Amino acid sequence: MKLLYHTFDLHLKHTFTIAHDSRDIQQTLVVQLVEEDLSGLGEATANPYYGITIDNMIAALESVRDIVEKGDYQSAEELWRLAHAALSSNPFAQCALDEAAHDYFAKKNNKKLHQNWGLTLQNIPLTNFTIGIDTVEKMVLKMKELPWPIYKIKLGTADDLRIVQELRKNTEAIFRVDANCAWSAEQTISLAPKLKELGVEFIEQPLPADDLEGMKRVFAESALPVIADESCIVESDVKNCHGLFHGVNIKLTKCGGPTAAKRMISEAKSLGMKTMVGCMTETSVGISSIAHLLPLLDYVDMDGSLLIKNDPAEGVNFDFGKVIFPERNGSGAILKSSLH
């Protein structure tokens with residue numbers, strides 16, 4: 001087994017702004033596991049908010065190179081366990097390795113990834129498309145540029161209600177809103193019935209993750225369901241979100257990849273919570289890994305590859321929110337350079 005790296009600067013179609021970040025270029029790391037004629041791909045993006053850089057992901061992965069290349073494991077889950085002690089402080093690096101391992105072992109078993117997990121693609125959710133914070137006029141133009149059945153609208157401004165009101169005038173799509181920790185409990189409870197009237201399905205992470213008392217109020221009084229994001233990073237967070245949120249949005253990069261995400265999804269379901277997986281602004285490598293979790297999910301936000309101009313990979317595609325899977329085994333993702 002060989003461990004390889006590929007780094008890319010992803011150029012965004014539009015400046016992407018949320019409550020605590022704005023960017024035009026996204027750095028990403030693609031990890032490749034190669035053994036003879038089999039190859040598995042995984043990905044994780046750099047993330048200044050979480051202190052994740054390309055260099056520290058590579059340094060973390062170098063610390064487990066011997067474990068990886070020795071090949072003394074029979075599944076992605078076993079490799080996850082072997083590498084976790086060294087990678088626990090860098091879950092983004094563990095995610096990239098874990099995605100690559102799941103892709104590799106599914107191909108080794110001559111199966112698509114969801115089949116390797118014992119899943120079938122029935123009744124899978126549509127993905128939303130994210131509209132980042134901008135002027136209302138530009139947000140409307142972004143919607144018109146890509147007509148879609150579900151939009152996730154990034155909020156956290158002084159004019160959030162008007163933004164949703166103006167966007168509603170231009171589409172009949174379902175709305176989801178994500179405040180990225182920018183609201184107070186009072187704001188959320190006040191806005192929720194008005195947002196519900198405007199066709200909003202749920203509110204994602206309205207309050208800062210440490211405002212537990214505020215979330216108790218919101219959970220009890222909000223007219224709309226609330227979904228955890230920044231409050232649900234790692235596996236132990238799922239049970240802590242119970243009674244504060246109606247569901248959890250799990251990010252593969254933050255929790256350490258599909259192996260951990262599947263455990264989190266299972267626990268959330270056991271607690272009667274809705275399940276969602278979100279994405280970063282990533283290539284078709286990471287997005288294709290997410291796609292195979294769809295049978296386990298109520299909601300999904302996997303539009304990252306649609307936000308970039310120079311996707312270096314091919315994988316799943318989209319048709320008005322519906323995910324279209326390629327015929328290839330594994331995750332279905334392939335680097336374009338390997339096509340020539």
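## Helix α9 and its surroundings

In helix α9, which spans residues 212-221, the buried residues include G214, M215 and V218. Viewed down the axis of α9, the buried residues fall within an arc of 95 degrees, so they line one face of the helix. The other side of α9 carries E213 and A220, both of which are exposed. This description, like everything that follows, rests on a predicted model.

The cover over the buried residues of α9 includes helix α8 (185-197) and strand β8 (226-228). At the start of α9, a side-chain oxygen of D211 comes to within 2.9 Å of the backbone nitrogen of G214, and G214 is itself among the buried residues of this helix.

Strand β10, made up of residues 274-278, is mostly covered, with four of its five residues buried. Strand β9 (residues 247-251) runs parallel to β10 and is joined to it by five bridges; within this pairing, I250 has V277 of β10 as its bridge partner.

Strand β10 also pairs with strand β11 (residues 299-300), again in the parallel sense, over two bridges, and here the bridge partner of M276 is Y299 in β11. Between β10 and β11 the chain passes through helix α13 (residues 284-291), forming a β-α-β crossover that is right-handed.

## Nonpolar cores

The largest nonpolar core holds 74 residues, of which V177, L195 and M302 touch the most other members. When neighbours within four places in sequence are left aside, L195 is in contact with L161, V164, V177, W183, V200, I203 and L224. Apart from this core lies another one, of 28 residues, whose members include A60, V64, L87 and Y104.

The side chain of Q26 is joined to that of R23 by a polar contact of 2.9 Å. Once neighbours within four places in sequence are set aside, the residues in contact with Q26 are F8, D9, L10, L12, T45, A46 and T281.

Methods
Residues are numbered from 1 along each chain as its sequence is written. This is a predicted model: local features need pLDDT of at least 70, side-chain atom pairs count only at pLDDT 80 or more; totals for chains, interfaces and linings use all residues. Side-chain values use heavy atoms; hydrogens and water are left out. A polar contact is a pair of N or O atoms within 3.5 Å; within protein, one must be able to donate a hydrogen and the other to accept it, and residues adjacent in sequence count only if both atoms are side-chain atoms. Contact means heavy atoms within 4.5 Å. A nonpolar core is a set of buried Ala, Val, Leu, Ile, Met, Phe, Trp, Tyr and Cys residues joined through side-chain atoms within 4.5 Å. Buried means under 20% relative accessible area, exposed over 50%, partly exposed in between (1.4 Å probe, protein chains only). Two strands pair if DSSP finds at least two bridges between them. A crossover is right-handed if, with the strands pointing away from the viewer, the path from the first strand over the helix to the second runs clockwise. The arc is that of the directions from the helix axis to the C-beta atoms.
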